[in-house]
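User: Please take a close look at one part of this model, the place where the two chains meet. I would like to see which pieces take part there and what kinds of residues they bring.

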Amino acid sequence: MKAAAFDYVKPRSIDQVISLLQEHGDDARLLAGGQSLLASLNMRLSEPRLLVDLGGLDALRGIGVHGGMLRIGALTTHTEIEGSALVAQHAPLLSAAAPHIAHRAIRNAGTWGGSIAHADAAAEWPTCLLALGGTVVARGPKGERRIAADDFFRGLYATALEPEEVLVAGELPLATPGNWFAFDELARRRGDYAIVGMALAGRRHAGVLADTRIVLMGVDSTPLRARKTEALLNGKVADEALAATAAASLRAEIDPLPDLTNSPETKRHLAGVLLQRLLNGARA
Amino acid sequence: MADLYPIRVTVNGELHQCSVSPRTHLVDFVRDTLGLKGSHLGCEHGVCGACTVELNGRTVRGCLTLAVQADGGTVNTIEGLSRAGVIRDLQDAFVQRNALQCGFCTSGMLMAAKELVEQRPDANRAEVREWISGNYCRCTGYHAIVDAICDVLQQRKAATSRTEASA
């Protein structure tokens, strides 16, 4: 279908975006890469009166290291992240996850900030941001503030952003030699939304795990941390027996929501498969 | 009805200045306003890949891009690439390998294949399959399409090493 009619404006400054949000409230939607928004407009799941195109705001583009953090501007595309040497060096989890995002033509347009602000529970960037303990940088009428990923994802497509705030960047701690990461997802076809996906991150010293984060995508209304299973892993040496115990713990811990074709039991099973696979793969 | 929005966009090397409704998709703009019917419209929500065009040098979904987003930019469609001859080898290989039947997906498939052979000249068969997984074909079963793209990867690699050897 075609989208319903809307007005369109392409501001030249973030302040202008914020005043438009103040003026139009829920009648306005921010357009970044549009790869989720335009699909939902085409299907008339959403009919905003005004689209505010962020595409003219070059200040929101780019990847850099600032103040000991890797800062990725909101309008940075998935393809730019996939090909970035800085990302590969400082946040290799993202390099591993990027190829799983849809298809090339969509990665060329879709953005880091758009994905995080949209907060689809089956999307890669919210999952990775949470796994790495990242931070969202938001700007609103009262200026800029930082929101920890752990406090950011509130519910189905719901975040801690205020209605008049714009997500301007996401920041990640720089990877150090003691850090380890793993990412994988199970989907019927490459590029489809994952039935279950998982990001792991943490520290490892002489095989002993610490500060482990297990984040699941596609099982709940937000990206989901499996805190009990994280605690079970910490302080232990990752071997095959531990991976099996952790998989059992994870299956007991989570209570997955079904999707159109997969039951909670299928997802519960697959989550365990993924965790076992990633833990065993990470030892090799 | 929302106001029309003026855009300047270069399509296949030709500058167009038009006013479009903000809700107009890029693919509808090239098909209906410019009469370039080579880009096709399938699912209209970003899944099938038939509407793939190049915007500022990269493939995008023509149904998930608004014409207003192309303002100030450069668009290439299958018509422009065909005329320029830059995908002649891909088109020949598709014919050679019978990589099309009804042809509906072919222009999008060629756009994806062009970006692949340029961006991933060392891609293997599995990577080719992965790359074109965002373009649906309901006739061929993909095998012949993958064959055709792999042929061109090899041909271009051989041509590059010949050039280097003679330099």
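Analyst: In this predicted model, the contact between the chains is made up of 26 residues from chain A and 27 residues from chain B. On chain B, three elements each supply at least two residues of the side that touches chain A: the strand β4 (58–61) and the helices α4 (106–119) and α5 (125–131). Of these, β4(B) gives the most, with four residues. Sorted by class, the side of chain B that touches chain A holds 10 nonpolar residues, 10 polar ones and seven charged ones.

The chain is divided into domain 1, which runs over 5–81, and domain 2, which runs over 85–166. By these bounds, β4 (58–61) of chain B falls in domain 1, while α4 (106–119) and α5 (125–131) of chain B fall in domain 2.

The two domains of chain B also touch each other. Their C-alpha centres lie 22 Å apart, and 13 residues of domain 1 of chain B are in contact with 14 residues of domain 2 of chain B. On the domain 1 side of this contact, β3 (52–55) and α2 (78–84) of chain B are the elements that give two or more residues. The largest share comes from β3(B), with three residues. By class, the domain 1 side that touches domain 2 in chain B consists of six nonpolar residues, six polar residues and one charged residue.

Key:
Residues numbered from 1 in each chain as written. Chains lettered and ligands numbered in written order. Predicted model: local features only at pLDDT ≥ 70, side-chain atom pairs only at ≥ 80, totals over all residues. Contact = placed C-beta atoms within 7 Å. Nonpolar A, V, L, I, M, F, W, Y, C, P; charged D, E, K, R; others polar. Domains from an automatic or database assignment.
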